[in-house]
Each structure stands twice: as C-alpha cells, then as structure tokens.
Amino acid sequence: MDLRFTPEEIAFRDELRRFFRTEIPAEIRRKVSEGRHLSKDEIVTSHRILNAHGLATPNWPVAWGGKDWSPVQRYIFTEELQRAAVPLPLQFNVYMVGPVIAAFGSEEQKRRFLPATANLDIWWCQGFSEPGAGSDLASLKTRAEKRDGKYVVSGQKAWTTLGQHADWIFCLVRTDREAKKQRGISFLLIDMKSPGITVRPVLTIDGGHEVNEVFFDEVEVPAENLVGEENKGWDYAKFLLANERTGIARIGMSKQRIARAKRLAREVQAGGGSLWDDVDLRRRVAAIEVELKALEITQMRVVAAQRHRDADKPDPASSILKIKGSELQQATTELLLDIAGPYAQPAQEDGRNAAAEHGMDAIAPLYFNARKVSIYGGSNEIQRNIIAKAFLGL
Amino acid sequence: MDFDLTDEQRLLKDSIDRFVDDAYGDFEKRRRYQAEPAGYDPRLWAGLAELGMLALPFAEEEGGFGGGPVETMIAMEAIGRGLAVEPFLSTVVLGGGFLRFGADASMRAALVPRIADGSLTLAFAQLEPASRYALHDVSTTARRDGDGFVLDGRKVAVLHGDSAGKLVVSARTAGARRDRDGITVFLVDADAPGLTRRGMPTQDGLRAADVTLDAVRVGPEAVLGKVDQGLPLIEKVVDIGIAALCAEAVGAMEDLQRNTVDYLKTRQQFGVAIGSFQALQHRAADMLVAVEQARSMAMYAAMMAEEADPALRRPAVSAAKVQINQSGRKVGQEAVQLQGGIAMTLEYKAGHSFKRLAMIEKSFGDTDHHLRIVSEADSLIEAE
Ligand SMILES: Cc1cc2nc3c(=O)[nH]c(=O)nc-3n(C[C@H](O)[C@H](O)[C@H](O)COP(=O)(O)OP(=O)(O)OC[C@H]3O[C@@H](n4cnc5c(N)ncnc54)[C@H](O)[C@@H]3O)c2cc1C
C-alpha cells in the first residue's frame, strides 16, 4: 500500500502542469477560474490546442487518437487539467458520443465522425432528457418512424446543454412503441441543420444561456445515422452514462476553487484586517479541505482498483464519487459566496464595480449554477438508490 | 500508487481477523472478558502474543515482527470490528512507539521481548485534569534529584493504566506549564513507591485509571528520548496512536454498517422488510459514503503516521482524525436510529460500537482540536 506517485508519474504530472499553464491562453483560464461562462470560440480554441497535442481524447481507443495511459495517468490528467482551470474538452464529444461511436458505430461512422469530433469540427449536444423523462429517462417519448429508408423524428428534448452551438445532436428516440420501455429505444445522430428542428433558449437561474429545448417536427434522418442496432439504444446510453460519471467528482475543480477562496479571503478587507484573520472562516475552509482530501483518496482507491476490474465496466463506487463530489463542489461555491459577502450582490458581469475588481461579480451566479451538479448526471437521490440496490442489496 | 496488501499483509489480516472472530464472534463472551480483574482475558492476551501480534511494530532484529503502520492498521481494524478490549493500543502501539523512538538499544533489548511474550503491558499517562487535548500542557513535575528525578502530579483517564506493568509518563523538567520545551518522558514502574492508581471502567467498556505521583523516584535510565525535549517524541507517538485509532474506528463503522443493513433486510414492519423504505435506504447509502470516506482517511493516516517531517505528518494525521470523528459520529448515530429500540439496549452489539466510536472521538483530540491544527498548518491546499 503506497499513496505516492512513481517518479515517472510525477514527471508526467509536472509536464502536464507546465503544458496547461503555458499553452492554454491565460485569459481563458482566468475566466474558468472565476466561474464565468465561456464563449463558443474560447471553448473551441482551448479544445483544439489540447487536440493538437493529442490531449483532447485520451480516453478513446488508441486507434482513434486515444492514449495508452494507465488509470493513474488518466486520473492525473483530469486532476491537473481542472486544477489549472483549463476548460474541460467538450464533454459531449469526448466522454459521451465519441466513445459510443468508437465502441458501437459502423466503420463508416467512425471515419466520418471521430476525427471531426476529436477536433471539435463537429460540436455535439446531448438529446436524452425530455420534459416528461428526467430521472426516469427510459420513459422518453420522442419517436422515430422508419419511412422509405429514413427515420422521421418528432418530439421534444429538454435541457440540451450548449445546443445553441451544436452542429449535431445525439438522441435517444423511441423506435418501438410496443416493446417494454427500455427495449424500444434507439441511438440516433441528427444534423442540427435538418429541416424541422427548432431550438429555444432557456435561461438558468444564474442568468446564463446554457440549456435549450429542442423541438423535432417530422425531421428526416438518414437510416445510416443509426448507431449500432435498432432498439439497442438503451445499452449504448448506459455505457455513455457510465463514462459520464467517471471523473464526475471534479476534485481538481474543487481544489482550484478552494485555492481561489483562500486568495480572495486574504484580499477581502474585514474587521480592520483581512477576512483570512477570521479563525471561524479558516476552520470552515479546513473542514472542506479535509473532506476533499478524503474524497481524493477515495477516488484514487477507485482508480487503483480499476487494474483489477474489467476496464469497460464502471465501478459502482462512482455513485459515492458523484454524491460526495457534487456536494463538495457545491460547498466550495457556498464558501466563495460567503467570502464575497456583500460583494456577491452586484450583477454586472465583468463590469466596473467593486465586486468586479476581485472577479467576485461572477461568484453568486456560480453558486446558483452549481445547484445543477446534484441534479444532473443521475441526481444524488438516484445515486443513493443505486448504492442501496447495487451495493447494499436493499 | 497502490492500495493492495502484500501477501504477508494478507496473511496477517487473515490470522488477526480469525482470532478476533473466534474470540468475539459471540458477543456475549465480551462481557465475560470485561469481568476479569484486568478488564480483559489474560488468555486472549497470551493468544495474541502467540500469534506474534504483540511484536508487530518492533524491528525483526529485536525480536519483533517488523511491521509498519499498515500492519498496525490491519490489526486495529480487526480490533474495531470485534470491539476487542485488550490493551493493544496502549501497550503495543503507544507504549511500543515510545520504546521504538525513545528507548536506547539496551532498554529495548530488555523490554521488547517481554512485551512480545505478553508478560509486560504498558499505558500512556498523559492527560491531566487541566490539559484537555494539549499535549504540551503538562503540570506534572519531574525535579532533578542526584542523577535521577522525582515525579509529582496527577494523570487522569489513563487507558489501561490500572493493569499496566509500566507507565509512560510525561512530566515537566523545565519551563512553565504550557511551554513546548521542558517536557520529558519517563518510563515508570506501576508499583513504584509513591505511585497510586485508582482503576475505573470507561464508557465504552475498557478500563482506565487515575494516577497520582507523590515523590516518585526514578533513575536516569527511566528517561525516554531527550530530557526537556520530550514533546516531539510525544507528538510523534500520539500521531501513530491516532492513525491506529482511525483504523479501529473504521473497523467499528464497517461492522455497524453491515449489521444495520442486515437489520434493514430482515426486520419486518407493515408487512415488508423496512429496508424497502426509501427514507431508510438513502440513510443507509449515506452511512456507506461516510464509512468509505473514513476508510480513505485511515489509509492516509497510516501512510503519513511515520513521516519524519512533523510539518507534513501532523496536519495529515489531524485531517484524518477530523474525518474519522465526523464519520464515526454519523455512522454511530444512524446505526442506532435505523435499528430502533433494540440498538438502545446493552444486549445488542450496535449500541456498544456506537459508544466506542463516541469515545474514540474524544481520544487524542476531538474534531475542533484537530480542525484547528489543520487550519493553522494551512497545508492541504495552497492559496492561488
Ligand atoms: C443545467 C442542466 C443541464 C443539463 N444538460 C442536459 C443535457 O445536455 N442533455 C440531457 O439530455 N439532459 C440534460 N440535463 C437533464 C438532467 O439529466 C435531468 O435534469 C435529470 O435527469 C433529472 O431530471 P429532472 O430534472 O426531470 O428531475 P426529476 O426526475 O423530475 O426529479 C425531481 C426530484 O425528484 C427526485 N427523484 C426522481 N426520481 C426519484 C426516485 N426514484 N427516488 C428518489 N428521488 C427521485 C430527483 O432526485 C429530484 O430531486 C440537464 C439538467 C440541468 C439542470
């Protein structure tokens, strides 16, 4: 039993640290660090720098641009990326549709989509949830009917993150209405420029335009855009959701926020000195750090255990990481909110006010926005159901 | 980075697990052990000696097993699962720690074999009526007398102090009450003239003693470590002890988690197993999260316990203790709540595990105490 990294792993980490801090534009990293929304251009720029160095899709099969990294190296990569406030490579491309196409797509689909997906020449969004299908995803109703060798899609998707930038959407659609819920679902790739698609922006409580509703009105989709087999879409979705949950703990991101909280607390004046003189506050920070340290080791235990597991199967421990990781992400945003205190109130983004001087104008929105992390990716209640059933056998 | 046990560690785990299971699997037996004069069964102690457990942390060339903090962790987890009452922590971990880091070769040659064969037990007399958790708050004095010392003072709640053959005593040889310098550690015979002990049971079913030192005379060979410079030694050994307690707590939590889930599966109310109620399922899931977080930090503590640089070691071990205390409180309380009335009775194990966890929380520093150490060190995550 040994918690330490090998010298090779430390060299690997140090090289990544250097790379992230020198190659990714500082302005982009500052915005991430302050929890601001990025423009499409900024996301694309950062993603393409990573891809140019083979670092956008390390989790993919080597044949399609992935890295032959050990679980530990993967872990270090994700941690360091977040710690350096580098935007995550676009999740929908890298952790969701890419691996699904690589695992279940046709050769033609792989050639057509994978390189473009890796380089973010195609921006993907995820069309799973619907107004009536949230936690109970399999109750989705958007239907695809086979007509003249094409699928004709009608229905509505909800919560489509960054759909406003998307070129393509990967959808779960119902292809068999007679079959049992999970059995009649297929995985379809749809061009967002197809006639019959409308995107309606939905503003979230932080005021940001992050999610959308996507309406499908008799949208024609070529049959060759079906991934894998018809009515097997649920299996691919489960594979995808499992991938989504690895790295969900976002420990590097929480560390980065604590580091920022500590700096801000030293800068913010209070009681004739700085806020950092407040012992109660420092103890609260310490309490979060302790839990984060524990989670980091829990994460490392899961990573280390992957050596003994079937690499394609997700570890059920990911539910623990999801619950605790999201709670701590939220705790770090609460901490920042409390440190900002009265400066949390002005709402002018990047404006000229006292709050903006310390980059604190974006803190309240960050706090509001972070409530989502215990809702999506399988809500924390759903994760507790999984633990109770799969782990505890209740 | 790896979390696997070596083959040897696995063997050790099998043998200590089996031992504790045989001795404590039937929980009724624990009551009989507690009724013995020492508060534990001397035959079980001899059994642990035979297994090699009492030699665990000592160097092989001194007749020990050569185990490190991971081996201690393995043993303590088993002890926690079984709620074993033997003085393993006080004799082997704490007392052993003082011998390993404070005694010279000749003292170790004389004493290690006696610990290993079970004939000598030790206890650490540190706590004082006014010290609370501050290891440097020492009022007990050791006045120079010829080439020896004369000890005066009071030590309280000394774990297994009533049955120990020798006591490790912290005393002030110089400076004022709360100075970090001027503390010396002594190894004192329990039957030394002037030393009186008043034994008592503890809340969690172990034994302790209040110890009065009234002009207790010791020779120069009684000093462990350096005169006036005892605090770093004490802090080091206490950190090793905390790491061990963390592992014990994880063992107790794991056991509580398991018997709670068993109960949820078997207890029927309203015509169904109560484990079918989601309100309880989610609480059981949160218990598991708390246990796993605690386990991670117990491992962290084990890996940091013998780190030579105290600036790295102390905040790490304190961070672990904070997590253990918090998880332990939650898991203990929830185990009692989820099992209902039966867990309120002394007839049932869960309540005893709950009590042991509550007392571990109060051993060598509570949550506030260790949070203070973590926050003052400010070393887990650096500011931007
Ligand atoms: C900001 C944001 C971005 C998103 N992005 C996308 C995206 O890009 N693509 C996409 O497809 N989806 C996306 N989602 C949707 C997300 O996956 C769903 O919100 C999630 O599945 C929960 O569904 P729901 O919101 O309908 O809540 P509901 O399922 O209605 O849940 C409401 C509450 O009930 C609880 N609950 C539900 N079922 C149970 C149960 N069985 N036991 C106990 N409690 C239960 C939930 O935990 C929650 O607290 C996004 C959501 C948000 C908020």
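**Exercise 1.** In this predicted model, find how many residue pairs are in polar contact between domain 2 of chain B and domain 3 of chain B, and describe the surroundings of those pairs.

*Solution.* Begin with the count, which is four residue pairs in polar contact, both residues at pLDDT 80 or more. By class, the side of domain 2 of chain B that touches domain 3 of chain B has seven nonpolar, five polar and three charged residues. Finally, turn to the area, where the two domains of chain B bury about 1,300 Å² between them, with 68% of it on carbon and sulfur atoms; Y133(B), L135(B) and D204(B) supply 47% of what domain 2 of chain B buries against domain 3 of chain B, more than any other three residues.

**Exercise 2.** Describe the interface of chain A and chain B, and state which helix gives the most to the side of chain A that touches chain B.

*Solution.* Start with the extent: 49 residues of chain A are in contact with 42 residues of chain B, and the buried area is about 4,300 Å², of which carbon and sulfur atoms give 64%. M1(A), R301(A) and L394(A) supply 20% of the area that chain A buries against chain B, more than any other three residues. Then consider the charged pairs, for the count between the chains is five salt bridges, and the side chains of E384(B) and R263(A) meet in a salt bridge at 2.6 Å, N to O.

Methods. Residues are numbered from 1 along each chain as its sequence is written. Chains are lettered from A and ligands numbered from 1 in the order in which they are written. This is a predicted model: local features need pLDDT of at least 70, side-chain atom pairs count only at pLDDT 80 or more; totals for chains, interfaces and linings use all residues. Side-chain values use heavy atoms; hydrogens and water are left out. Contact means heavy atoms within 4.5 Å. Buried area is the accessible area (1.4 Å probe) that two parts lose on being put together, summed over both. A salt bridge is a side-chain nitrogen of Lys or Arg within 4 Å of a carboxyl oxygen of Asp or Glu. A polar contact is a pair of N or O atoms within 3.5 Å; within protein, one must be able to donate a hydrogen and the other to accept it, and residues adjacent in sequence count only if both atoms are side-chain atoms. Ala, Val, Leu, Ile, Met, Phe, Trp, Tyr, Cys and Pro count as nonpolar, Asp, Glu, Lys and Arg as charged, and the others, Gly among them, as polar.
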